[in-house]
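Please open the structure in your viewer and keep the sequence beside it, with a selection tool ready. The stops below each name something to select and then say what is there.

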Amino acid sequence: MQPRNMSMSGAVDLSAVKAAAEARQKAEQARAQRAAQPEGGPTPAAVRLVIDVDEAGFEQEVLQRSTEVPVVIDFWAEWCQPCKQLSPVLERLAEEYAGRFVLAKIDVDSNQMLFQQFGVQGIPAVFAVIAGQALPLFQGAAPEPQVRQVLDQLIEAAEQRFGIVGAPVDPEQAAAAREAQPAAEPAEPVNPALAAAHAALDSGDLGGAIQAYENVLADDPADEEARIGLGQARLLDRVRNADPEQVRKDAAERPGDVATQLAVADLDLVGGHVEDAFGRLVSAVQRSAGEDRDAARVRLLELFDLVGPEDPRVIAARGALARVLF
């Protein structure tokens, strides 16, 4: 997916005088409160550079924190392959920028309310919050130089327009904070063949990943992780050489052609437009018959697996599918 809205200048009206003045006032109040606190320890914002945020902790972890330091939000999902390309870049840059911004990671599957409130159109999507002011930054797996450019613009705007400057991080304090976090439970032994399949998928070797996952499933057809991995690899393989504009044009011109509808649904899912993908395939099932209908139904079930059976969008689409089938 190509990144969009890479320039902050067109993303939001930061020059709105009233909003900027109010934000600056909040930041100054927060700094005054912080200065009045006893010395002797790093502030949370100065140490925790990458944090996982949910709906319950959003106000404290993002809104309140944003009065002290720019907070960059990474909207992601486990099934989103472009997210796996972008998130490590953002995490590494958060460490490199050493407190000039904090990265908040939000799993959209577990935090649908935040996903909707921010008006996210597809994932990965990156926003920022400065003194409670939300700024859309870009969407898609952007290359690192462009990500750096946007971060630099964000930091400059935070300082010049809102008076917010992130506190520098002492590397020793940051390391101590990471070590103080609860230790993760020991991971279960990993099947080497499955690990090789995952590595091929992460590296973009989709053909190798497909073959590796198929080999794992040949030995153990009940391996759920391999089955989901195979679905991800096949999905990415289907869309990697697609011309999105042409695919959507073909689907619009031939609404009764199930193959074109399947192709658009794949693009929608990879782009994070989950409900659009499901709705398109439910409609394809409803309008078609025979082998075409079965192909649309099977593809829809495959996409259900990738998003997860407990996802409310999957539950709603399953109900819609049942209504058109029976």
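Predicted model: local features only at pLDDT ≥ 70, side-chain atom pairs only at ≥ 80, totals over all residues.

Begin with the aromatic rings: the structure holds six aromatic pairs, where rings of Phe, Tyr and Trp (its six-membered ring) pair if their centres lie within 6.5 Å, and planes under 30 degrees apart count as stacked, over 60 as edge-to-face and the rest as tilted. Select phenylalanine 58 and phenylalanine 118, whose ring centres are 5.9 Å apart and whose planes stand at 80°, so this pair is edge-to-face. Phenylalanine 58 belongs to helix H3 (residues 58-64), while phenylalanine 118 sits in the loop between helix H5 (112-117) and strand E4 (125-130), so the pair ties together parts that are 60 residues apart in sequence. Helices (H or I, at least four residues) and strands (E, at least two) are DSSP runs, numbered from the N terminus. Both phenylalanine 58 and phenylalanine 118 are buried, a word that means under 20% relative accessible area, with exposed meaning over 50% and partly exposed in between (1.4 Å probe, protein chains only).

Next, select tyrosine 97 and phenylalanine 101, whose rings have their centres 5.6 Å apart and their planes at 65°, so this pair too is edge-to-face. Tyrosine 97 and phenylalanine 101 are both buried.

Residues are numbered from 1 along each chain as its sequence is written, and side-chain values use heavy atoms, with hydrogens and water left out.

Now show the whole protein as a cartoon, which has 15 helices and five strands. Of its 326 residues, buried ones make up 46%. Among contacts (heavy atoms within 4.5 Å) between residues at least 6 apart in sequence, 71% join residues at least 24 apart.

For the next stop, select helix H14 (residues 290-307) and helix H15 (residues 312-325), whose axes come within 10 Å and cross at roughly 160°. That angle makes H14 roughly antiparallel to H15, since angles under 35 degrees count as roughly parallel, over 145 as roughly antiparallel, 65 to 115 as roughly perpendicular and the rest as oblique. The axes are lines fitted to C-alpha atoms, for helices over the stretch in contact, and the angles run from 0 to 180 degrees between N-to-C directions. To see the contact itself, show side chains including Leu300, Leu301 and Phe304 of H14 and Val314, Ala317 and Leu321 of H15. The residues of this contact divide into nine nonpolar, no polar and four charged, where Ala, Val, Leu, Ile, Met, Phe, Trp, Tyr, Cys and Pro count as nonpolar, Asp, Glu, Lys and Arg as charged, and the others, Gly among them, as polar.

Compare this with helix H11 (residues 244-253) and helix H12 (residues 258-270), which pack at an angle of about 135° with their axes 9 Å apart. H11 and H12 are therefore oblique to each other. Among the residues that make their contact are Val247, Arg248 and Ala251 of H11 and Ala263, Val264 and Leu267 of H12. Here the division is six nonpolar, two polar and three charged.

Most residues other than glycine have a negative phi. Alanine 98, in the loop between helix H4 (81-97) and strand E3 (102-107), has a positive phi of about 50° although it is not a glycine, and alanine 98 is partly exposed, with a relative accessible area of 27%. Alanine 131 likewise has a positive phi of about 50°; alanine 131 lies in the loop between E4 and strand E5 (133-139) and is buried, with a relative accessible area of 1%.

Finally, select helix H6 (residues 144-162), where arginine 161 is found, and in which alanine 157 also lies. Arginine 161 is partly exposed at 41% relative accessible area, whereas alanine 157 is buried at 7%. Which distances separate alanine 157 and isoleucine 130, in sequence and in space? Alanine 157 and isoleucine 130 are 27 residues apart in sequence and 9.2 Å apart in space, C-alpha to C-alpha. For arginine 161 and isoleucine 130, 31 residues apart along the chain, the C-alpha atoms are separated by 10.0 Å.
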